[in-house]
Amino acid sequence: IDPADLEAARLLALLAQTCRQRGEDGKRFWSGFYRHRVERFRRLPLPDLVSRLADAIGCAPSTSAMQEAVAFLAHLDADTQAGIERAIRERPALCVALSYNMIDRRPR
C-alpha cells in the first residue's frame with residue numbers, strides 16, 4: 001500500500017473518530033455516509049477538504065482526535081500534502097476502508 005494512502009487514511013480516521021454519528025450508528029456511517037462525504041470534497045486542497053468534511057460529518061472541534069488532525073495538517077510538507085490529496089482524489093474508497101481498519105484495530 002502506498003504510504004500516501006496510509007497517511008490519508010490516518011487523517012480520515014482521526015476525523016471519523018470525532019464524529020458522534022459513527023458511535024451512534026456505526027453501520028450507517030461506514031456503509032456509505034462517510035465515503036459519500038469524502039468523495040464530495042475530494043477535489044479540494046487538503047486543508048479545505050478537512051474543514052468542509054469536518055463540518056459535514058459534525059466533528060467536535062474540541063476533541064483530542066480533531067486537535068491531532070489539525071496538528072497533522074500543520075506539520076505536513078508540500079510533497080506529503082500533495083500525495084495525500086492525490087490518494088483521496090484517486091482512491092477515496094481505499095482510503096476510507098483503510099481508515100475503518102485503523103479504527104477497528106485500535107485497542108479498546
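The radius of gyration is taken over C-alpha atoms, and the globule rule is 2.2 Å times the number of residues to the power 0.38. The model is predicted: local features need pLDDT of at least 70, side-chain atom pairs count only at pLDDT 80 or more, and totals for chains, interfaces and linings use all residues. Residues are numbered from 1 along each chain as its sequence is written, and side-chain values use heavy atoms, with hydrogens and water left out.

**Exercise 1.** Compare the radius of gyration of the protein chain with the globule rule.

*Solution.* For 108 residues, the rule puts a compact globule near 13 Å. The protein chain has 12 Å, which agrees. Along the principal axes, its C-alpha trace spans about 35 × 30 × 25 Å.

**Exercise 2.** State how many helices and strands the protein chain has.

*Solution.* Helices (H or I, at least four residues) and strands (E, at least two) are DSSP runs, numbered from the N terminus. The protein chain has seven helices and zero strands.

**Exercise 3.** Identify the residues that touch the most other members of the largest nonpolar core.

*Solution.* Such a core joins buried (under 20% relative accessible area, 1.4 Å probe, protein chains only) Ala, Val, Leu, Ile, Met, Phe, Trp, Tyr and Cys residues through side-chain atoms within 4.5 Å. Of its 33 residues, L12, L15, Y34, L46, L53, I57 and I88 touch the most other members. α1 gives the most, with eight residues.

**Exercise 4.** List the contacts of I88 beyond its neighbours within four places in sequence.

*Solution.* Contact means heavy atoms within 4.5 Å. I88 is then in contact with A8, L12, V38, R42, L46, L49 and C95.

Methods
Buried < 20%, exposed > 50% of the residue type's maximum accessible area, 1.4 Å probe, protein only.
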